[in-house]
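Here is a short briefing on charged side-chain pairs.

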Amino acid sequence: MRERRSFPTGVVCGDRMFVMGGYDGHETLNAVEEYNFTSREWRQAKPMSVARSNAGAAVWKEKIYVVGGWDGRALDTVERFDVIRDEWELIKSLPRPTTGVRCCFLNLKSLNDISDPTSDSELMFSENVRKASEFYNTALGRGVICAVGFAAGVVSAYAIKKWQMLYAM
């Protein structure tokens, strides 16, 4: 990487790795760097709209979602980068500001894709997903971005242009 930073978020999309945001010791960054695995070169990519560190990120259909984070306060903003069009856009915010976010992409074919729980944490997640079945039924086959914000104790899911809080401590 060209720019030194702590607490960035990163994802791999195709043959490229994107490292976004972070903190350089003086300020929170909106900078994005891209590593091309084929050419083995780093380049500066288009910056995010919002400076953030300790955010979450996930990839879904050639789009990178960057969720929440920290800029002196917890953030509720979410933005999406279209890798093909090379542009960022702000999308629907989280239900609650959160930092320390971890994200993943789920592609559920049916609610039966959720296995039988084997631990208390799996039981809690399974119960909350089942409670949100109406939300998931509208998202089935389309995919869902899930975001867990540890600092705020919130599990949220994004599909069809809206966030839904699945669980809050």
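A salt bridge is a side-chain nitrogen of Lys or Arg within 4 Å of a carboxyl oxygen of Asp or Glu. This is a predicted model, in which local features need pLDDT of at least 70, side-chain atom pairs count only at pLDDT 80 or more, and totals for chains, interfaces and linings use all residues. Residues are numbered from 1 along each chain as its sequence is written, and side-chain values use heavy atoms, without hydrogens and water. The structure holds nine salt bridges.

**Arg5 and Glu3**
- Arg5 and Glu3 pair through their side chains in a salt bridge, at 3.9 Å from N to O.
- Arg5 has a relative accessible area of 11% and is buried (under 20%; exposed is over 50%, partly exposed in between; 1.4 Å probe, protein chains only).
- Glu3 is partly exposed, at 25%.

**Arg43 and Glu34**
- A salt bridge links Arg43 to Glu34, with the closest N and O atoms 3.0 Å apart.
- Glu34 is buried at 5% relative accessibility, while Arg43 is partly exposed at 35%.

- Lys63 and Asp82 form a salt bridge, their closest N and O atoms being 3.8 Å apart.
- Lys63 sits in strand 6 (residues 63–67) and Asp82 in strand 7 (residues 78–82), so the pair ties together parts 19 residues apart in sequence. Strands (E, at least two residues) are DSSP runs, numbered from the N terminus.
- Lys63 is partly exposed at 26%, and Asp82 is buried at 9%.
- Lys63, Asp82, Arg85 and Glu87 form one network, joined by salt bridges that share partners.

Technical notes. Helix = DSSP H or I, 4+ residues; strand = E, 2+ residues; numbered from the N terminus.
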